[in-house]
Amino acid sequence: ILKTIVITIIGIFLVNLFLKSGRVDPIPLAIFSIALAVSVIPEALPIVTTFSLSRGALKLAQNKVVVKRLSSIEDLGEIQILCTDKTGTLTENKLKIEDVNSTDKRKTILSALLCSAFLAKGKKPTDAFEMALFENAKDEEKQEIGKVKILDQIPFDPERKRVTTHVENNGEHYVIVRGAHEQVFALCKNLKVQEIEKLTGWISKNGESGFRAIAIAQKKIKNYKGKSLNSLEKDLEFVGLISFHDPIKKSTKSSIKNAHTLGVRVVILTGDGREVAGAVANEIGLGKSTITGEEFEARSFEEQEKILQNTNVFARMSPTQKYKIIERLQKQNFNVGFLGEGINDAPALKIANVGLVVHGASGIAREAADIVLLNKSLDTIIDGIQNGREVFVNTTKYITATLSSNFGNFYAIAISSFLIDFLPMLPLQILLVNLLSDFPMISIATDNVDKNELKKPRGSDIKSVVVISTILGLISTCFDFLFFGIFFRISPGVLQTNWFMGSILTELVFLFSIRSKRLFFRSARPSTPILILTAAAFVITISLPFTKFGQSVFEFSKPTAIYLF
């Protein structure tokens, strides 16, 4: 734009000097050329963009979404694939014990409870598993647990998929392990192949109903001094299995539907088992097709490419595997959003086009993310994506509208300056056209957007904007020449005044045409600021030439009724 303007302005100045040698004053001509250049530059673009993004950030904040990087709102709108965990986002994360597979159910629940982090810290339970176990315990059992000493603990880790605790109870020491069944089974000495198959079948049956299961094992220890807790995780005795029900959020199904409407594909990356993830995905409309992280990595590159295109559920995923999935999706030219929360999720959050975390996420994860959710909900994210697209659509509207109008006036005034011995519009009048027409155009940042404009990410299609602006600019130029043809023979003042009025009024009408791809009376209702500022610009444009201020400062000529007609 700048190159085009500079070359054209220099050309206009030199051609005018050559054609009107001795009949034109170079100083007013230079001022006219500079004013013409200023009029065509979309100088309000930084204001419109910043205002749109700030307004978007405010709307998100009202929905309990904190934006750390303002431009991430626009990035949010360009998301094509949203990678999210299952627990807490799609489900309530309010667990209830569904069933216990054990010869001693109370012992199983108490052993699982003794593996809790909150006991080691002397606090109340906050983890969903631990809260469910604690609520199930009887008052006397809670008192008994309070007497147990937690001597050492290895917290849950997504790679290990288990938590290990060294406890002392009535002078006796125990190592208790709680976690994913495949990890715990591998550490047990008293399980035969047939028993493992039977237990795995029980887990699968619960998983198909959407119930998550954890396994518990323990052993009594004597010679533990000088040994690490890691080294004591072997030859354990299997205690039992506990399945939990985590209900799906009421808003999840409608959120998935809204995501599809926006052209956003939702991909589940979860540490839960295949059956549970598949059952939840099927219930919310993502299909049953599920693969584990281990199975995915075992496939060939070509097979992995097909899986990434057709599979929406990845189970038993480690943070490293999540990172690889996001990286591979980006190599397929997708814009990927990722919702994470753990320390190990930081690399995936950093590589994703938009990194999202919940408020309770680790400090490192929050630092790596662009957006923080105070309310962990898929609905909130989908609303954010829609908001980001509205920002992008309105910014593009402004660019198209202002370039089309400005270039239309620019070429019309520039060319007409060659055909007459006076300036077709005075420099101050040109700047006033720019000012009065810019206020309604700036308010486009508040505009309502047609739903069909939000169905897919728009992308920064500069070529399309330039082509459309050029075509519409030429049409605008034709209208400007109509004003020129009607008024130039009367007098300089009449031409300048009426062209000034015609330029602004046609720009105001043009704004209502460009704000939607649909017929203007079928499009979404314009926002209130657009209507108010358009009306204000209309009134000022019509009335100013009739005032002494307009006639003395801007050298307007008082219009007649026929001129207005």
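**Notebook: salt bridges and a buried glutamine**

I began with arginine 212, which is buried, with a relative accessible area of 9%. I am working from a predicted model.

**Entry 1: arginine 212 and aspartate 246**

I looked up the partner of arginine 212. Its side chain meets that of aspartate 246 in a salt bridge, 3.9 Å from N to O. I then checked where the two residues sit. Arginine 212 is in strand E7, residues 211-221. Aspartate 246 is in the loop between strand E8 (237-245) and helix H11 (252-261). The pair links distant parts of the chain, 34 residues apart. Is aspartate 246 buried or exposed? I found 4% relative accessibility, so aspartate 246 counts as buried, the limit being under 20%.

**Entry 2: arginine 328 and glutamate 305**

Next I took arginine 328. Its side chain forms a salt bridge with that of glutamate 305, at 2.7 Å from N to O. I noted arginine 328 as buried, at a relative accessible area of 13%.

**Entry 3: glutamine 332**

I stayed with glutamate 305 and looked at another residue that meets it. A polar contact of 3.0 Å joins the side chains of glutamine 332 and glutamate 305. Where is glutamine 332 found? I placed it in the loop between H15 and strand E12 (336-340). Glutamine 332 is buried, with a relative accessible area of 17%. I then listed its contacts, leaving aside neighbours within four places in sequence. Glutamine 332 touches Glu305, Leu308 and Gln309.

**Entry 4: aspartate 75 and arginine 69**

Last, I checked a pair with partly exposed residues. Aspartate 75 forms a salt bridge with arginine 69. Their closest N and O atoms are 2.9 Å apart. Aspartate 75 counts as partly exposed, at 26% relative accessibility. Arginine 69 is also partly exposed, with a relative accessible area of 30%.

**Tally**

How many salt bridges does the structure hold? I noted 16. My entries cover some of them, including aspartate 75 with arginine 69.

Methods: Residues numbered from 1 in each chain as written. Predicted model: local features only at pLDDT ≥ 70, side-chain atom pairs only at ≥ 80, totals over all residues. Heavy atoms only, no water. Salt bridge = Lys/Arg side-chain N within 4 Å of Asp/Glu carboxyl O. Buried < 20%, exposed > 50% of the residue type's maximum accessible area, 1.4 Å probe, protein only. Helix = DSSP H or I, 4+ residues; strand = E, 2+ residues; numbered from the N terminus. Polar contact = N/O pair within 3.5 Å; in protein donor to acceptor, adjacent residues only side chain to side chain. Contact = heavy atoms within 4.5 Å.
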